[in-house]
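User: Can you walk me through this fold? I'd like to go through strands, helices and packing in turn.
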Amino acid sequence: RQWRVAKQSSLMLCARRLISGIALQTKGGNGSIPYAGQKTRWLSVRPHHIGYPATKYTDQVLMKEQRVKCIIGCNPNERETMQDLIISIRIWVNLRETMSKYVKNCDVLHEQKLRAKSPEWASHAAAELAGSHDYSAVAKISRQVAEEGKFFTIEALGQCIAKTIISECDVGRVQVIIDKPGALVKKGAAAAGVVVTRDRRDYFFPAAAAPARGADRLGLGR
């Protein structure tokens with residue numbers, strides 16, 4: 001009976017270790033099967049999350065290759081002459097969740113045909129816009145920050161754009177891609193660039209103001 005109890009306890013311990021994500025590794029850490037006399041250790045494997053869970057932000061909204069002329073750089077001549085930047089923005093969203101608040105069956109073709117033929121098509125359009133994200137607001141922010149900031153580096157510019165978009169557009173995650181085409185021409189490279197990715201949890205913001213929704217963006221709310 002003592003042997004049976006000990007065996008059950010051992011099995012329960014192994015099960016708990018498997019459930020909690022504990023992996024058996026060798027002393028060298030290469031994960032191979034230990035040979036006779038080799039010491040082994042149990043290492044707790046922490047869950048590795050990249051960004052937000054896929055069930056929350058499943059879609060992406062893009063703004064591609066916005067061309068901006070601005071003061072950018074650290075050299076004296078760069079503080080006097082405007083240079084070209086190419087800015088792209090990627091925003092993680094959940095369109096199913098946001099659009100379902102305003103539009104029923106927006107992914108059903110038959111329903112969409114009825115809405116398109118309806119005399120009240122403008123209200124249906126406003127409803128779809130209300131569930132989407134304002135591309136023009138994102139483009140306006142990136143251009144304004146670049147032109148007015150007169151940053152010394154594209155790294156600082158990218159971080160400022162990301163923080164402003166998260167704050168003013170009420171999004172959970174954003175990625176800012178900036179290319180500076182003239183930076184490495186003499187080195188034979190097409191451009192110097194930076195990619196900045198930020199989550200809302202990277203900052204502390206007060207409650208965000210409600211972004212402009214469908215009727216306002218169509219000019220129907222006034």
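Analyst: This is a predicted model. S5 and S6 pair in the antiparallel sense, over 8 bridges.

User: Which residue in S6 is the bridge partner of Val 174?
Analyst: Arg 198 is the bridge partner of Val 174.

User: What order do the strands take in the sheet?
Analyst: The order is S3-S4-S5-S6. These 4 strands make an open sheet, and the pairing is antiparallel.

User: Which strands stand at the edges?
Analyst: S3 and S6 do. Each has a single partner strand, so one side of each has no neighbour in the sheet.

User: And what does the twist average?
Analyst: From one strand to the next, the twist averages 15°.

User: Which strands does H5 touch?
Analyst: H5 packs on the sheet against S3 and S4. Its direction makes about 35° with that of S3.

User: On to the core. Which residues touch the most other members?
Analyst: The largest nonpolar core has 28 residues. Ile 87, Ile 89, Ile 91, Leu 157, Ile 161, Ile 165 and Ile 178 touch the most other members.

User: Which elements give two or more residues to it?
Analyst: Strands S3 (59-70), S4 (83-93), S5 (173-180) and S6 (192-199) do, along with helices H5 (135-149) and H6 (154-169). H6 gives the most, with 7 residues.

User: Take Ile 87. What does Ile 87 touch?
Analyst: Setting aside residues up to four places away in sequence, its contacts include Met 63, Gln 66, Val 68, Ser 142, Ala 146, Ile 161 and Ile 178. Lys 64 and Glu 65 are also among them.

User: Ser 142 is on that list. Is Ser 142 buried or exposed?
Analyst: Buried: its relative accessible area is 0%, and the cut-off for buried is under 20%. Ser 142 sits in helix H5.

User: What is Ser 142 in contact with, leaving aside neighbours within four places in sequence?
Analyst: Met 63, Gln 66, Ile 87 and Ile 161.

User: New topic: H3 and H4. At what angle do they pack?
Analyst: H3 (residues 109-117) and H4 (residues 121-130) pack at about 130°, with axes 7 Å apart. They are therefore oblique to each other.

User: Which residues meet there?
Analyst: From H3, Gln 112, Arg 115 and Ala 116 meet Trp 121, His 124 and Glu 128 of H4. By class, that contact has 2 nonpolar, 2 polar and 2 charged residues.

Conventions:
Residues numbered from 1 in each chain as written. Predicted model: local features only at pLDDT ≥ 70, side-chain atom pairs only at ≥ 80, totals over all residues. Heavy atoms only, no water. Core = buried A, V, L, I, M, F, W, Y, C linked by side-chain atoms within 4.5 Å. Buried < 20%, exposed > 50% of the residue type's maximum accessible area, 1.4 Å probe, protein only. Contact = heavy atoms within 4.5 Å. Axes fitted to C-alpha atoms, helices over the stretch in contact; angles between N-to-C directions. Parallel < 35°, antiparallel > 145°, perpendicular 65-115°, else oblique. Nonpolar A, V, L, I, M, F, W, Y, C, P; charged D, E, K, R; others polar. Pairing = 2+ DSSP bridges.
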